Amino acid sequence: MAKTVVVIGGGVIGLACAYALTDAGCDVVVVESGVVAGGASKGNAGWITPSLATPLAAPGILTSGLRSALDPRGALVIRPSLDTAWLRWLWSFRQAARPEQFSAGIKALLEMTRRTMEELDAYRAAGVEFEMHRDGIIAVARDRSAFHWFDDTFAELARYGFEGDLVHMDGDEARAAEPALGDAVGAATRMTIDRHVDPESLVRGLAARVGRVIEGAPVTAIAQAGAGWRVRAGSESLVAEAVVVAAGTAAPALLSPFGVRLPIVGAKGYSITARGSGTAPSCALYLCEPKLGLSALDAGLRIAGFFELGRTDDAVDPARIRQLVDDTLPFLRDWRPEPGWESTGWAGFRPATPDSLPLIGEVPGRPGLYVAAGHGMLGFTLGPATGRAVAELVTSGGVPDWVAPFAVDRAQPG
């Protein structure tokens, strides 16, 4: 008899879990408080990037990154707060920036990204319909000095057998590879293994393969019911043998009644998606100096960026949206967004942990209650692998070695 599972969350993590569980023979229901792909998945750049899957809490971040963290126009912004949970998170982030912690994080994330690439190919082979581009990501900069962090990161990845290739280019070679680039580009590196997807198309493609998806159903209660669980979501009362909480920044509140304190805070990001005139990029670009990601999608050019910690409002800041475009145009030859592009602005929260590793596993002392949350900026890079991990946890009861570093009760740094 099929195992019954309720998955809470209709973003990429929730639907990747639901798809993998369905594929493993489970009877799955997904509940989403809003609409599928309507949260952090909606405005995401959609990158699948093993080359950049590294912890944000890197050695030196406290001296290099935090110097500008109080600048409201910075790529990384920290807005001070006296909230005790936030202060605990920030202290743990500081501790996670130690070299040994960073190296262990890179190793754990690499094991995940390897499986994500396999899962993406399996999605396609199974007929899941979604938009995907396989031509890598080109990181560009005004000069090669902007790549110093890049070199250190790849040295760490190489230690653990990273399979990706790098193609270094000067400005002219970069413009030959991507004609949309302008004269300001003086150096570039193509990361050949990486891909990007239209995020909404992937989430909706997975949703189409899941038995039942209930939208507009906020969860008001999770409770044990005999040997299983009962979930109240909207007008629904669902009973299942297992529950997977994949609700992003909402996960801590859902699990707090069980005495679980998830170290997840919301990191606000922004994006626009616009068509334009001139030469549009044909591949994904990472702009090193402003730290922005550009994704060439069928719907237009998506520009995404910023990581604001300490913000709680979900309002779209017009100044930040304008900054996305203003910081991008110097790197492009002649592409300009069509009039009205400001209306395409989006803002949302990524669920961030202090050590940049997601929380994946069974809640201690609560058999059948699982968490898959805290993926930060790596939701699409880690989502397919997370789905496979959760399916193995739920159906086998064991914890694969490659999933162990993401345990819910792992000792947080500090």
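Which residue stands opposite Ile 137 in β8? In the predicted model described here, local features require a pLDDT of at least 70 and side-chain atom pairs count only at pLDDT 80 or more, whereas totals for chains, interfaces and linings use all residues. Residues are numbered from 1 along each chain as its sequence is written, and side-chain values use heavy atoms, with hydrogens and water left out.

The residue opposite Ile 137 is Met 191 of β8. Helices (H or I, at least four residues) and strands (E, at least two) are DSSP runs, numbered from the N terminus. Two strands are said to pair if DSSP finds at least two bridges between them. Strand β6 (residues 137-141) pairs with β8 in the antiparallel sense over five bridges. Strand β7 (residues 166-170) also runs antiparallel to β8, and five bridges join the two. Within this second pairing, Met 169 has Ala 188 of β8 as its bridge partner. Strand β8 (residues 187-191) is largely enclosed by the rest of the structure, because five of its five residues are buried. Here buried means under 20% relative accessible area, exposed means over 50%, and partly exposed lies in between (1.4 Å probe, protein chains only). In a regular strand the side chains alternate between the two faces of the sheet. In β8, Ala 187, Thr 189 and Met 191 point one way, while Ala 188 and Arg 190 point the other way.

A second sheet is open and contains six strands in the order β10-β2-β1-β14-β23-β22, with mixed pairing. Strands β10 (212-214) and β22 (359-362) stand at the edges with a single partner strand each, so one side of each is left without a neighbour in the sheet. From one strand to the next the twist averages 15 degrees. Angles run from 0 to 180 degrees between N-to-C directions, and axes are lines fitted to C-alpha atoms, for helices over the stretch in contact. Strand β1 (residues 4-8) pairs with β2 in the parallel sense over five bridges, and Val 28 of β2 is the bridge partner of Val 5. Val 29 lies in strand β2 (residues 27-31) and is buried, with a relative accessible area of 15%. Although 24 residues separate Val 29 from Val 5 in sequence, their C-alpha atoms are 6.5 Å apart in space. Contact means heavy atoms within 4.5 Å. Not counting residues up to four places away in sequence, Val 29 touches Val 5, Val 6, Val 7, Arg 212, Ile 214 and Leu 238. Helix α10 (residues 379-396) lies across β1, β14 (242-245), β22 and β23 (369-373), and runs at about 15 degrees to β22.

Helix packing was examined for α4 and α5. The axes of α4 (residues 99-125) and α5 (residues 148-159) come within 9 Å and cross at roughly 60 degrees. The contact involves Phe 102, Ser 103, Ile 106 and Leu 110 of α4, together with Glu 156, Leu 157 and Arg 159 of α5.

In helix α7 (residues 199-207), the buried residues are Pro 199, Leu 202, Val 203, Gly 205, Leu 206 and Ala 207. The elements that cover these residues include α1 (12-23), α4, β9 (195-197), β10, β19 (300-309) and α10. At the start of α7, a side-chain oxygen of Asp 198 reaches to within 3.1 Å of the backbone nitrogen of Glu 200. Ser 41, in the loop between β2 and β3 (47-48), is buried at 6% relative accessibility. Leaving aside neighbours within four places in sequence, the contacts of Ser 41 include Pro 199, Glu 200 and Val 203. A polar atom of the Ser 41 side chain lies 3.0 Å from the backbone nitrogen of Val 12.

Arg 175 is placed in helix α6 (residues 171-177). Its side chain makes a polar contact with the side chain of Asp 172 at 3.0 Å. A polar contact is a pair of N or O atoms within 3.5 Å; within protein, one must be able to donate a hydrogen and the other to accept it, and residues adjacent in sequence count only if both atoms are side-chain atoms. The Arg 175 side chain also reaches the backbone oxygen of Val 185 at 2.9 Å.
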